[in-house]
Amino acid sequence: MSIALWEFWRLARRQADLAAMFVGGAALFVVFLFTAPGKLIDFEMIYAILLVFTISALTAAMLRGAPFDKMIVSVGVTVLGVLYVVLLGGHLIAIRMGFGPELSRHLLSFFFLVIMSADMAAYAGGSLFGSHKLAPAISPGKTWEGAIAGMMISLLAGALAHFWFFMELPLKIALPLAGLMNVLSVLGDLTESALKRSAGAKDTAKILPGHGGVLDRLDSLLFNAPVIYYFARLYFK
């Protein structure tokens, strides 16, 4: 998350307050980290942190002074970076800490198996059979054929997880959940592509050869992290 925040700051052309992003992100991270097993995330603490963080970011930008024409962009990017990377991604930490060891392992294994296999299938399907663009104005490389391949493999991965290690998640639940996660994965990927396009960048960084940056790998995970957490809280309560 720290690397992803730094990449987001670079993507925004260094217009955000990086120190404020790290402080606000760290505070939220601690809340997720100390989620007690069997308990919900401490929403009151998250709300309080976001209030203080927003007020502090605005005040710090005001005290820095001119040029004020960049203040709205600076504060907006600062707050958005923390919400996008840490508030969404922190739910994966809450899954690890807020459930029993066995259930949390199963949830996270299901999560990564479905999303990663769908990502690979979408890439392979698009490369081999892709001819109809999914969102050419946002990401010209993505195709409907790749999206269909990703959906098919996500459902297969959901079924595989059920029979392999997650029998407590019925197939009638695992399949719709996997399908929903695949849709959100595509939306998350396209959203991050749109952010990169707005910044005129191909990748958020070049840390991972062939993939770009850490944020390029998190894009499909971030939209899904709250979904798997709140589903588990409701279903396995």
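1. Let's start with the second largest pocket. In this predicted model, the second largest pocket holds about 210 Å³ of space. Its lining is made up of Phe 8, Leu 11, Ala 12, Arg 13, Gln 15, Val 73, Val 77, Leu 80, Leu 195, Ser 198 and Ala 199. Sorted by class, that lining has eight nonpolar residues, two polar and one charged.

2. Which helices supply that lining? At least two residues each come from helix 1 (2–11), helix 4 (71–98) and helix 7 (171–199).

3. The crossing of helix 5 past helix 6 is right-handed.

4. If you want to click through the contact between these two, here is who is involved. The helix 5 side has Phe 110, Leu 113, Val 114, Ser 117, Ala 118, Ala 121, Ala 122, Gly 125, Gly 126 and Phe 129. Facing them from helix 6 are Glu 145, Gly 146, Ala 149, Gly 150, Ile 153, Ser 154, Ala 157, Gly 158, Leu 160 and Ala 161. By class, this contact of helix 5 with helix 6 has 12 nonpolar residues, seven polar and one charged.

5. Next, helix 2 (residues 18–33) and helix 3 (residues 43–64). These axes come within 10 Å and cross at roughly 175°, which means helix 2 runs roughly antiparallel to helix 3.

6. What does helix 2 bring to its contact with helix 3? From helix 2 you get Ala 20, Met 21, Gly 24, Ala 27, Leu 28, Val 31 and Phe 32, and they meet Met 45, Ile 46, Ile 49, Leu 50 and Phe 53 in helix 3. The class count for helix 2 with helix 3 is 11 nonpolar, one polar and no charged residues.

7. Helix 5 also packs against helix 4. The axes of helix 4 and helix 5 cross at roughly 145° and come within 7 Å.

Terms used:
Residues numbered from 1 in each chain as written. Predicted model: local features only at pLDDT ≥ 70, side-chain atom pairs only at ≥ 80, totals over all residues. Heavy atoms only, no water. Left-handed = near helix turned anticlockwise from the far one by under 90°. Helix = DSSP H or I, 4+ residues; strand = E, 2+ residues; numbered from the N terminus. Contact = heavy atoms within 4.5 Å. Nonpolar A, V, L, I, M, F, W, Y, C, P; charged D, E, K, R; others polar. 1 Å grid on protein atoms, 1.4 Å probe; cavity = no way out; pocket = protein on both sides within 12 Å on 5 of 7 lines; lining within 4 Å. Points joined across faces, edges and corners; volume = space filled by probe spheres on them. Axes fitted to C-alpha atoms, helices over the stretch in contact; angles between N-to-C directions. Parallel < 35°, antiparallel > 145°, perpendicular 65-115°, else oblique.
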